[in-house]
Amino acid sequence: DLTQKYNEALKQYDAVIKVNPQFAEAYLKKGITLYNMKKFEEDNNYDLGIKNDKNMPTAYNNKGTYRV
C-alpha cells in the first residue's frame with residue numbers, strides 16, 4: 001500500500017543522509033514524502049536542505065507551500 005511505500009522511501013532517505021549529511025537533495029525528497037504523508041509537524045527537512053545548498057529553489061518553494 002502507499003503508506004508502506006512512503007515509509008520505505010523515508011528509510012532510504014535516512015540511509016542516504018546518514019552516509020552524506022550534506023546531500024541536500026535527500027532532505028528535499030524526504031520533505032516531499034513527509035508532506036505527501038501529511039506529517040507536517042515532523043518536517044524540517046526543507047530547512048536542512050537549504051542549509052546544505054542555498055541554491056536549491058525547489059526547497060524554498062516547497063518550504064513556502066508547506067507553510068500555507
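Biologist: Is Glu25 buried, exposed or partly exposed, and how is that decided?

Modeller: The class follows from the relative accessible area, where buried means under 20%, exposed over 50%, and partly exposed in between. In this predicted model, Glu25 has a relative accessibility of 32% and therefore counts as partly exposed. Its place is in helix H2.

Biologist: Which residue meets the side chain of Glu25 in a salt bridge?

Modeller: A salt bridge is read from the separation of a side-chain nitrogen and a carboxyl oxygen, with a limit of 4 Å. The side chains of Lys29 and Glu25 meet this criterion at 3.8 Å, N to O. Lys29, at a relative accessible area of 36%, is partly exposed.

Biologist: How does the position of Lys29 and Glu25 in the helix bear on this pair?

Modeller: An α-helix has 3.6 residues a turn, so residues three or four places apart point the same way. Lys29 and Glu25 are four residues apart in helix H2, which means that about one helical turn separates them.

Biologist: How many salt bridges does the structure hold?

Modeller: There are two. The other case joins the side chains of Lys30 and Asp14, at 2.6 Å from N to O. Because Lys30 lies in helix H2 and Asp14 in helix H1, this pair ties together parts that are 16 residues apart in sequence.

Biologist: Are Lys30 and Asp14 buried or partly exposed?

Modeller: Lys30 has a relative accessible area of 17% and is buried, since the limit for that class is under 20%. Asp14, by contrast, is partly exposed at 36%.

Biologist: Which residues does Lys30 touch, if those up to four places away in sequence are not counted?

Modeller: With that exclusion, the contacts of Lys30 are Leu10, Tyr13, Asp14, Ile17 and Asn45. Asn45 belongs to helix H3, which spans residues 45-52. Asn45 can also be placed relative to Glu25: the two are 20 residues apart in sequence, and their C-alpha atoms are 9.9 Å apart in space.

Biologist: Which residues make up the largest nonpolar core?

Modeller: In soluble globular proteins, nonpolar side chains tend to be buried together. Here the largest nonpolar core has six residues: Ala24, Leu28, Tyr46, Ile50, Met56 and Ala59.

Biologist: Which helices have the lowest and the highest mean pLDDT?

Modeller: Confidence is read first for the chain and then element by element. The chain averages a pLDDT of 87, and 93% of the residues score at least 70. Among the elements, helix H4 (residues 57-67) has the lowest mean, 78, whereas helix H1 (residues 2-19) has the highest, 97.

Biologist: Where is Thr58, and how far is it from Val16 in space?

Modeller: Thr58 is in helix H4 and is partly exposed at a relative accessible area of 39%.

Definitions and conventions
Residues are numbered from 1 along each chain as its sequence is written. This is a predicted model: local features need pLDDT of at least 70, side-chain atom pairs count only at pLDDT 80 or more; totals for chains, interfaces and linings use all residues. Side-chain values use heavy atoms; hydrogens and water are left out. Contact means heavy atoms within 4.5 Å. Buried means under 20% relative accessible area, exposed over 50%, partly exposed in between (1.4 Å probe, protein chains only). Helices (H or I, at least four residues) and strands (E, at least two) are DSSP runs, numbered from the N terminus. pLDDT is the predictor's confidence in each residue, from 0 to 100. A nonpolar core is a set of buried Ala, Val, Leu, Ile, Met, Phe, Trp, Tyr and Cys residues joined through side-chain atoms within 4.5 Å.
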